[in-house]
Amino acid sequence: MPRLLVLLLLLLAPLQARGQEAFEALLPGLAGGFAQQAQTVERLGTLGDPRAAAVLRALSDGRLLKRPDGTLLLRDGERVTEFPGGAAADAAGAEPVRINNRVRAALRGALGRLSLLSPDAAERMAAAEAVFRSRAAENIPLLEAALARESVAAIRARMELALAASRLAAGQDDAKRAAISALGASSSTEARAVLLEARAGNPALGAEIEAAVAAIDRRLEIRRAAETLFQGLSLGSVLLLAALGLAVTFGVMGVINMAHGEFVMLGAYTTFVMQEALRDIPALAPWSLPLAVPAAFLVAAACGAAMERGLIRHLYGRPLETLLLTFGVGMMIQQAVRLGFGAQNREVTSPPWMQGTLELPFGVMVTQNRLWILVFSLVVLLLTVAAIRLTRFGLEMRAVTQNRRIASAMGIRTGRVDALTFAFGSGIAGIAGVALSQIDNVSPNLGTSYIIDSFMVVVFGGVGSLAGTLVGAMTLGVVNKVLEPYAGVVLAKVFVLVAIMLFIQRRPRGLFALKGRAAEQ
Amino acid sequence: MTLSTFTRRAALAGLGGALTLPAIRPSLAQAAPIKVGVLHSLSGTMAISETALRDTVLMMTNWINGRGGLLGRRVEAVVVDPASNWPLFAEKARELLQVARVDVTFGCWTSVSRKSVLPVFEELNGMLFYPVQYEGEEESRNIFYTGAAPNQQAIPAVEYLMGADGGEAKRIALLGTDYVYPRTTNRILRAFLNSKGISDADIMEEYTPFGHSDWQGIVARVKRFAGEGKRTAIVSTINGDANVPFYRELGNQGIKAEDIPSVAFSVGEEELAGIDTRPLVGHLAAWNYFMSVQSPVNTDFLNMWRAYINNPRRVTNDPMEATLVGFKMWTQAVAQAGTTAVDAVRTAMYGQKVDAPSGYTLEMHRNHHLSKPVMIGEVQANGQFNIVWKTPNAIQAENWSPFIPENANRRRG
């Protein structure tokens, strides 16, 4: 290992000797126009001066200041020092050096080159990624040296790709051929882009490039299908969450509740209130989202119970009146929230574990927030099924829906069961609101955009069947996402609606039609 | 008897009033107030953008009343809420003109709402100030357009993306909300890109409904579109609160501005106020004003706004500036015309000049559009824009775009 270090230093030595004087001469360029800044950054990155990393990092983080006379200052927390020099300085009158995308891209490449040998594995990975994106001849010796030392397989793979990309950009034809086959052996969209980019400049290698791109495409096809499937399931999970509560209130009880969307919205606002309430309690603040789940359930369930006892129970068996009444109540809830919280959207922040992308095996990329919502929706479904199948309450609920009079004769207080069932369904809607607050805007109108979809899922899946709701939601989600690339977002939705209408014509009871006496009610 | 008592009292009261008049400043309460209609959505999907414009008009009526009103009369705002509901815009416009009898109206954000009220303003000869950038292809004698036409925003922005500083984009993804402004703008942009040698194969175009929240498929397709070996950029005409989940998805899928920059035409400081902008650093917006402009007029604007709204951290944005410029121009024109009658004020509007917070002097031309500077800003971590490019002068609006073939025979300017 030390021998390799020496080798690297030897490689860099001639650069370094030149660098010492050149370094300071270059610095004023960092405060120039964007084009000059970008050039200066690139040259500083290759000089090999040990001070370069510090100043480039400061520029990238907005910690490099310039005085009106053009001298540079470095800010480190509260401390401000002159650069170069290091004497303490006063930041008065100095303002941060501004950069744009062009400079930022140059900085990424330069800093990447400088941290290829960092002791921190995550930093080396990021460096390999950065160098991959800024392909240039001067990367080749650096990458070769870094590869010789690297032991982590994933980073090695990235570095090899970066090396191939740089060789393809600036190398001999033989080296280019090797690079093409190295890139073609990967299954990365970036490698594919690099190959296509090189095609115009290397007409002699056209055939090899085509073959490599085709090889990548074959591998990517499966991944893309998996990603589309995930997107569909993710949309399906959102539909499932929104429809699950309705599957209880509409499916089991037969109440057409147009205020269902508003219970979802109340759940989202509960999330917002929890977040604000726990903001100043450091111990609980990171848990505001999980804590919002029971809170949203209780809030929505309480509203649901009040609505059932106060209004809906007087209208059992009169669907049209129920529809109009619940629609009106929905508008009242919406307006009440608008008065209480304002018409503006409320910001619900996502915890860190719900941001960014997760790489699954075979390079399938899924966004974390969607993945969690998918998992969450399945958990909520299982809990709902368990509550209906395994608890005393579930048993009474099923008994009342199957035969109210006999259930009553057996000593079940049917009125109480009705209220609890409706509260249960509304509570699930509230839970859906917690999940939706992570992917949609928390506004008084949140519920309206989901109510149609919810009914669609329940009717399509089969009224009264939770399995139907699951299958219905997932089918609609996947079909929607498969159609989207061909038809566009707006038309895809139209197609799905038309398809459901045709389906309901043929099978009015939906996918999972209930059989027997229950279906006749 | 009673009649004569009444007249005598009235005469005394009038005399008293006349006597006290010089002692206080010209009384605003005497004449009937001048009414200013405010037609902005305060609820629904556009409330995120339009609520601040209502507040701007209210601030400006305060400002003019503080200076003694207009023509010696108080200026009074009449606020209605068309609730992001396009047909309701037309109803509310009619209500403002026929029931409240307003002298002028400030309002609308989306082009579909403007198209909805346009026949009402023309039929009843009202006057509307429209403060938002739009697609052009319109010139009503009853509307003054204080936002940008495509040549004052969209085209310079795309030129910037194709230039060295913008990353030399060779492939463009046009993403928009599904209504008239994005579709027309993208039609103009497509013709412009074609004229610059970018073929249709290198242009992607997708539309989504208002309030769209599931962006995963589209962002993934943009990523794939960008993987064809040519530098790619996104041009976004997404409007309203759909921007929040869109930018969240960009951040989550790790699209960095250095790789695929996006430029937005409807996202300003106000819209960014509700988003964590750290993953978005470097993404662009094109406007004719940014809050970060350094000019004395802008400092006054900021101070006035924050004092009015009583929040030292509230932001300003381009349509607010356009509202302010329009309001000031209207007061100048009314003062010059000596009346609020629509036809007289319209004639007085032409050639009005205002020193705008953008640091430029803007002039109203006979085509009912302003000359405006163009600025391009990059999102910073604090939600403000770093101005990376701007035109040296204010440029005139081409509301009839030369990139739309049907306009070839039309008189320009």
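How far apart do the C-alpha centres of domain 1 of chain A and domain 2 of chain A lie? Keep that question in mind as you look at the structure; point 1 answers it. Please remember throughout that this is a predicted model.

1. **The two domains of chain A.** The domain assignment divides chain A into domain 1, covering 23–212, and domain 2, covering 223–520. Their C-alpha centres lie 48 Å apart.

2. For the complex, the predictor gives an ipTM of 0.85 and a pTM of 0.85. Chain B has a mean pLDDT of 89, and 92% of its residues reach 70 or more. One stretch needs a careful eye: over residues 1–26 of chain B the pLDDT is below 50. Beyond near neighbours in sequence, this stretch has four contacts in the model.

3. **A helix pair in chain A.** Helix H14 of chain A also packs against helix H17 (residues 414–436) of chain A. The angle between them is about 170°, and their axes are 11 Å apart. An angle over 145 degrees counts as roughly antiparallel, so H14(A) is roughly antiparallel to H17(A). From H14(A), the contact uses A:Ile373, A:Phe376, A:Val380 and A:Thr384. From H17(A) come A:Ile428, A:Ile431 and A:Ala435. By class, this helix contact has six nonpolar, one polar and no charged residues.

4. **A buried alanine in chain A.** A:Ala128 sits in helix H5 (residues 121–133) of chain A. Is A:Ala128 buried or exposed? A:Ala128 counts as buried because it has 27 C-beta neighbours inside 10 Å, and 20 or more is the cut-off for that label. Leaving out residues up to four places away in sequence, A:Ala128 touches A:Leu116, A:Ile155, A:Arg158, A:Met159 and A:Ala162. Between the C-alpha atoms of A:Ala128 and A:Ser115 there are 8.8 Å, although 13 residues separate the two along the chain.

5. **The two domains of chain B.** Here the assignment builds each domain from two pieces: domain 1 is 2–147 + 295–363, and domain 2 is 151–292 + 374–407. The C-alpha centres of these two domains of chain B are separated by 31 Å. Their contact takes 25 residues from domain 1 of chain B and 26 residues from domain 2 of chain B. Helices H2 (47–66), H4 and H11 (318–337) of chain B each supply at least two residues of the domain 1 side. That side has nine nonpolar, nine polar and seven charged residues.

6. **Two positive phi values in chain B.** B:Cys108 lies in the loop between strand E3 (104–107) and helix H4 (111–123) of chain B, and it counts as buried because it has 30 C-beta neighbours inside 10 Å. B:Glu168, also not a glycine, has a positive phi of about 50°. Its place is the loop between helix H5 (154–162) and strand E6 (171–177) of chain B. With 13 C-beta neighbours inside 10 Å, B:Glu168 counts as partly exposed.

7. B:Lys196 belongs to the loop between helix H6 (180–195) and strand E7 (203–208) of chain B. B:Lys196 is exposed, with 10 other C-beta atoms within 10 Å. B:Lys196 and B:Met162 are 34 residues apart in sequence, and 9.6 Å apart in space from C-alpha to C-alpha. B:Arg74 is in the loop between H2 and strand E2 (75–80) of chain B. B:Arg74 is partly exposed, with 19 other C-beta atoms within 10 Å. The C-alpha atoms of B:Arg74 and B:Ala31 are separated by 7.8 Å, with the two residues 43 apart along the chain.

How values were computed. Residues numbered from 1 in each chain as written. Chains lettered and ligands numbered in written order. Predicted model: local features only at pLDDT ≥ 70, side-chain atom pairs only at ≥ 80, totals over all residues. Axes fitted to C-alpha atoms, helices over the stretch in contact; angles between N-to-C directions. Helix = DSSP H or I, 4+ residues; strand = E, 2+ residues; numbered from the N terminus. Parallel < 35°, antiparallel > 145°, perpendicular 65-115°, else oblique. Contact = placed C-beta atoms within 7 Å. Nonpolar A, V, L, I, M, F, W, Y, C, P; charged D, E, K, R; others polar. pLDDT = per-residue confidence, 0-100. Domains from an automatic or database assignment. Buried ≥ 20, exposed ≤ 12 C-beta atoms within 10 Å, placed from the backbone.
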